[in-house]
Amino acid sequence: MAAGERPAFLDARGLIGCRHRLGMDAAHPEMLAEVREDAGVEQRRAAAQAHRERVRDTLVAADPESWVIIDPTLSARDRAAATIRACEAGAARIWGGLLPQESDTGRRGGAEIFLRDERGGYIPVIVVNHKVTDPRRPAPAEFHPLTSDLLRWHPEPDRARKLRQQPRDQQRLAHVYRMLERRGLAPSTPVGGVIGFHFDRILVHDLRPVLVDYDKRYADRIAVVRGQAQTVPSKVPECRQCIWWNRGPGGGCQAWLNEHRDVSVVAPGSRAEVLRGHGVRTIDELAGWTGPEPEDWQHGPFEETVVTARAWLVDAPLVRRFDRVWVRRADVEVDVDLESYQEDGAYLWGTLLDGVYRPFVTWDPLPTEDEGRSFAEFWVWLMGIRDEAVAAGRTFAAYCYSRSAEDKWLYESARRFAGRPGVPTEAEVTAFVDSIQWVDMFQAVTDQFICPSGKGLKKIAPVAGFAWRDPEAGGEASMSWYRRAVGYDDAPDLTQRTRLLEYNEDDVRATAVLREWMNPTTIREHCAEREVPALSDFAGPPGNSPDLWTSGAQA
């Protein structure tokens, strides 16, 4: 660090995610201070804090004499001093430990738990509000994760669980390990633990494979924070919620990317990195690609990536893969959309049948036993409609958009409320979701179209002519509406219940409109086959291609 340079610090949160955002945060703290935290982020932060407190209270109550609790109201300096004193005194378990900031390396951080290693040092254990493993039937496998009892550190292979990849957790543990190592407090073996959402075991990570990557990553990130490494925008998934997307010098990252016609606009994330490695930095360069696909390309058909760039240049929101656009249709069609709140449960199952919206909802604050009632009523109703159709010799299909959320809560609800009247078994859920009667419109869109601007329902349905009543409609906004609707923080706001129902209704209606536009049941002018250009319209670079692409590119 140069003489007179103000020290800059980096905690583990800055190790994962966008480098440019990290640099902007460090370079423009005054602009950050003007921004109110997104309501969804604020709620997730509050939920994570509540989870940590629950874990702390449970663990400490089991053996209160073995714990040293670091007072969270102390200043950072005093918390660090208290943590070091507890370590030097040989405390068996420390909650809320913070390690001293390192002005030379820039590291700062701590862990929810420091466990004394019998062979010397302390094992860092972090507490997170996301899932770190999934259940698995005991069976032979190439890898079994190590887990330990919550109250006694004893790592052993766990045949009943499979690992969820969470690189941020491993990077944070590596960060804290390096800080412990600096103080001579690292465990005898580089390991760390994670207590996840389910809070039933400690997932144990061997940090040796992680440390090399961590050291490289940290050196790069601290250089960014200190202004020693320059960054430029590049579109990644987190851009959707980043404050710098439409804010900052020059109008924000979106404006910069569009002005520079950056290739990440149409090939975001790691796709852009591969293309830049081949000298392709702009959308125009990608659109003009004529050679074979790069040998290291692992992101689907390369031809479609090139077509995406060409479509972007002529403002085509979709490109048909085939002459005929197809999605499964049925005599009886039901559209389904659920609303959940974090990991607490699914409070609303909305349906649309013959143009009539029917919600199955509980307004008891989640988690609640009443969720089982609303879910059972939804399932009984849906299966009743299906059985009536089949009995009458008619075909049946239920439609959702991006089935992962619906599938998750179908299974979660079947497990949590098993045995109650109307609640299906997991086998019954499997039989339904694996059948042709459960249709994912997101997959249909993926199969039928190339989507230069994204495949989310809010992106695709407007092309089919649908508009939401609420301009703020979205998953993040609905989290805040739900809190007010059930009265988490104040008296229940009934207007927010109406807002949530309308939002959910619009989602199922959007799915229905999209389906009819893609594969209409009657001859109509307004349909995908008539309005969306085909893949053949973007077959080659300017000079060898149809009028649509040539004229658009030259313009």
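Helices (H or I, at least four residues) and strands (E, at least two) are DSSP runs, numbered from the N terminus. The structure is a predicted model, in which local features need pLDDT of at least 70 and side-chain atom pairs count only at pLDDT 80 or more, while totals for chains, interfaces and linings use all residues. Residues are numbered from 1 along each chain as its sequence is written, and side-chain values use heavy atoms, with hydrogens and water left out.

The secondary structure of the protein comprises 19 helices and 17 strands. The C-alpha trace spans about 80 × 65 × 50 Å along its principal axes. The radius of gyration, taken over C-alpha atoms, is compared with a globule rule of 2.2 Å times the number of residues to the power 0.38. For 555 residues a compact globule would have a value near 24 Å, and the 27 Å of the protein agrees with this. Accessible areas come from the Shrake-Rupley method with a 1.4 Å probe, and for residues only the protein chains shown count as cover. The accessible surface of the protein is about 27400 Å², and carbon and sulfur atoms account for 50% of it. Buried residues (under 20% relative accessible area; exposed is over 50%, partly exposed in between; 1.4 Å probe, protein chains only) make up 50% of the 555 residues. Of the contacts (heavy atoms within 4.5 Å) between residues at least 6 apart in sequence, 65% join residues at least 24 apart.

Asp354 is situated in the loop between strand S13 (345-353) and S14. Its phi is positive, at about 55 degrees, although Asp354 is not a glycine. Asp354 counts as exposed because its relative accessibility is 71%. Ser402, in the loop between strand S15 (396-400) and helix H12 (403-416), also has a positive phi, near 70 degrees. With a relative accessible area of 27%, Ser402 is partly exposed. Pro367 belongs to the loop between strand S14 (356-361) and helix H11 (370-391), and the peptide bond joining Leu366 and Pro367 is cis, with omega about -5 degrees. Most residues other than glycine have a negative phi, and most peptide bonds are trans.

Helix H16 (residues 475-486) and helix H17 (residues 494-518) have axes that come within 8 Å and cross at roughly 145 degrees. Axes are lines fitted to C-alpha atoms, for helices over the stretch in contact, and angles run from 0 to 180 degrees between N-to-C directions. The contact involves Gly475, Ser478, Trp481, Tyr482, Arg484, Ala485 and Val486 of H16, together with Gln496, Arg497, Arg499, Leu500 and Tyr503 of H17.

Three further positions are buried. Ala86, in helix H4 (residues 76-88), has a relative accessibility of 8% and therefore counts as buried. Leaving out residues up to four places away in sequence, Ala86 touches Val68, Ala91, Ile94 and Tyr122. The C-alpha atoms of Ala86 and Glu505 are 56 Å apart, with 419 residues of separation along the chain. Gly110 is part of strand S3 (residues 109-116) and is buried at a relative accessible area of 16%. Apart from neighbours within four places in sequence, Gly110 is in contact with Gly97, Leu98, Leu99, Arg172 and Val176. Gln166 lies in the loop between strand S8 (161-163) and helix H5 (167-182). Gln166 counts as buried at 14% relative accessibility, and touches His130 and Lys131 when residues up to four places away in sequence are not counted.
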